[in-house]
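Trainee: Let's talk about aromatic contacts. Please put the structure up.

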Amino acid sequence: MKMLRSAELSKLLSAQPGPCLSMYVSTEEPHKNSHLIRKKWQETIDEADSRINQKYTKHRARFLLEPLRSMPELLSKPPPDTKGVALFRSFTTAGFYPIKESTPQLMAVSDTFHLKPLLKLIQQQERYFAL
């Protein structure tokens with residue numbers, strides 16, 4: 001999975017072949033415990049598997065989730081200034097975005113990516129200059 005830059009997040013708004021999997025994972029204290037992160041990650045993957053299988057075929061679920069089953073290195077050793085990670089996966093997209101603000105732990109399976117938790121963070125990164 002590659003790291004997405006702020007400029008690339010707009011591509012996530014475009015139409016994607018469903019399902020689109022959006023996962024927000026906290027890496028804050030006390031969540032930096034690798035055993036706890038691994039357990040929470042497995043619970044999130046299991047929930048995603050269940051949700052995808054309700055609407056889509058098992059083949060689609062396997063394709064989307066198999067690369068995510070082994071916990072990403074990013075979650076086990078996050079950068080010190082990162083408080084969370086947003087992961088996005090569809091048939092045409094796979095990437096993550098480090099989050100420097102607290103974010104709720106959530107997982108969404110839909111026809112589009114769930115970007116609402118990132119909007120405020122992205123807007124705060126914009127710089128404006130008065131002339």
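Trainee: Which residues form one aromatic cluster?

Mentor: First, the ground rules. This is a predicted model: local features need pLDDT of at least 70, side-chain atom pairs count only at pLDDT 80 or more, and totals for chains, interfaces and linings use all residues. Residues are numbered from 1 along each chain as its sequence is written, and side-chain values use heavy atoms, leaving out hydrogens and water. The cluster is Tyr 24, Phe 88 and Phe 113.

Trainee: How many aromatic pairs are there?

Mentor: Rings of Phe, Tyr and Trp (its six-membered ring) pair if their centres lie within 6.5 Å; planes under 30 degrees apart are stacked, over 60 edge-to-face, the rest tilted. By this rule, the count is three.

Trainee: What is the centre to centre value for Phe 63 and Phe 91?

Mentor: Their planes are 25° apart, and the pair is stacked. Phe 63 sits in helix H2 (residues 58-69) and Phe 91 in the loop between strands S3 (84-89) and S4 (94-99), so the pair ties together parts 28 residues apart in sequence. Helices (H or I, at least four residues) and strands (E, at least two) are DSSP runs, numbered from the N terminus. Centre to centre, Phe 63 and Phe 91 are at 5.1 Å.

Trainee: Is Phe 88 buried or exposed?

Mentor: Phe 88 pairs edge-to-face with Phe 113, at 5.5 Å and 80°. Buried means under 20% relative accessible area, exposed over 50%, partly exposed in between (1.4 Å probe, protein chains only). Phe 88 has 0%, so the term is buried.
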